[in-house]
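The sequence and structure follow.

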Amino acid sequence: QGAEPVLPTAQGGDEYWMQKALEQAMSAVGRSHPNPTVGCVIVKEGRLLASGATEVHGGRHAERVAIQSVADRSQLRGATLYVTLEPCSHTGRQPPCAELVASCGFARCVVAVGDPNPLVAGNGLRRLRETGLEIQTGVLAQEAIAWHLPFLFWQLAGRTLIAAKWAQTLDGQLAYDDGRSQWISGEESRAYTHWLRQKYDAILVGAGTVLADQPALTVRSCVEPHHRQPVRLLFDPAARILSCPEGVWQGLLERTFSPATPTVLMVHPSALEAARQEPRVVQRLERVEHLLPLLEGSSPAATLRAALADPALSAHAGRPIHSVMVEGGPRLLSTLAEASVFDVAHIFTAPTLGGGTRYRLQFPAPYGTGVRLNPMAHARLGEDLLVEYLYPSTQKLL
Ligand code: AOF
Ligand code: ZN
């Protein structure tokens with residue numbers, strides 16, 4: 001902590017310290033769900049005094065962690081508290097943070113975004129203002145919204161957030177024409193993807209990707225500590241996965257259906273019945289622990305939405321599914337993009353000209369024009385550029 005630079009606590013310094021609070025939250029990714037992972041830092045005379053992030057679900061909130069880490073509470077007098085989400089004002093599994101913050105004698109409290117939870121919704125800030133504390137809101141609000149999006153979206157829209165994630169070349173290829181996709185983005189982007197998977201309750205891929213890659217879809221090679229594996233969802237309305245060649249099936253058992261985390265196979269019941277005519281499919285089904293029947297007769301988009309709202313999904317997953325990240329491939333991404341199913345997109349662009357035509361997003365433009373997305377946060381990852389975009393309908397909610 002001695003290495004922290006001394007910065008003025010006004011304006012420019014606010015962004016610097018809120019960035020630190022966001023980093024606190026991001027390093028605790030996946031730990032507190034379905035409670036949002038909030039970050040907090042306490043700064044006095046331009047120096048970092050304490051920091052904290054939300055503990056496991058039901059555990060202490062970020063503000064309490066940071067405040068309680070300071071042995072001599074008198075040090076908090078006149079300090080500034082930075083927090084990525086409005087301090088709560090209700091008694092849940094934890095006592096209200098606003099009361100605790102109000103009792104410490106802080107000079108200022110800087111908040112990135114409000115908490116839309118109806119139990120809080122401005123009451124935390126109101127409580128703090130009553131005590132005469134100087135409050136500043138909206139510092140790094142876009143970044144905080146991007147970070148807290150799964151929680152904010154669940155509170156505001158009341159349904160599962162659907163995020164898209166893909167890596168592409170400069171000319172929009174998701175794989176080279178020879179089918180290779182794993183070398184488009186660099187090592188840093190791939191490590192970031194692994195880390196990002198923890199932010200979502202589930203990862204979803206289509207049958208094409210499953211059959212081509214037999215992906216593990218787990219959190220592995222990331223630098224930050226990791227706290228959870230997302231549930232794996234295989235979207236296979238036509239029940240193609242169960243009829244694959246034996247070598248592919250063995251790869252699937254080893255990786256895609258590994259015991260690391262539940263894998264839910266989503267199929268149309270009629271397609272499953274047809275596939276069952278093959279004796280090996282019946283045998284293979286014994287190895288599939290989680291099978292979710294999909295609604296028949298609707299578009300893929302409507303089918304997916306219905307499946308995500310099905311309570312049977314959470315039962316299979318062993319956790320509430322408030323957010324899902326769709327990782328491809330190009331066919332499924334195109335189908336869902338055409339139907340405007342996505343709420344947010346994480347798009348990695350590598351400095352490569354692919355020059356191919358086979359693996360790209362392809363769908364008729366709505367009304368002949370495209371959809372304009374709103375860039376919320378960006379990062380340079382090695383030579384790649386990551387931009388996180390909000391869809392217009394998501395933007396309207398916030
Ligand atoms: C904060 N700081 O770090 C977080 C907050 O059941 P509880 O007591 O854990 O409360 C959960 C609610 O508290 C959650 O829905 C959200 O509104 C807020 N989360 N608030 O002041 C935190 N994680
Ligand atoms: Zn709280």
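A residue is near a molecule if its C-beta atom, placed from the backbone, lies within 6 Å of it. The model is predicted: local features need pLDDT of at least 70, side-chain atom pairs count only at pLDDT 80 or more, and totals for chains, interfaces and linings use all residues. Residues are numbered from 1 along each chain as its sequence is written, while chains are lettered from A and ligands numbered from 1 in the order in which they are written.

**Ligand shell.** Around ligand 1 there are 18 residues, of which Val38, His61, Gly92, Gln94 and Asn117 come nearest.

**Sheet.** Nine strands form an open sheet with mixed pairing, in the order β10-β9-β8-β7-β11-β6-β12-β14-β13; strands are DSSP runs of E of at least two residues, and helices runs of H or I of at least four, numbered from the N terminus. Two strands pair if DSSP finds at least two bridges between them. Each edge strand pairs on one side only:

| Edge strand | Residues |
|---|---|
| β10 | 290–293 |
| β13 | 374–381 |

Strands β6 (residues 161–168) and β12 (residues 344–349) are joined by six bridges in the parallel sense. Gln168 has Thr349 of β12 as its bridge partner.

**Contacts of Val324.** Beyond its neighbours within four places in sequence, Val324 is in contact (C-beta atoms, placed from the backbone, within 7 Å) with Thr160, Ile162, Tyr200, Asp201, Ala202, Leu204, Leu233 and Leu308.

Methods
Two residues are in contact if their C-beta atoms, placed from the backbone, lie within 7 Å.
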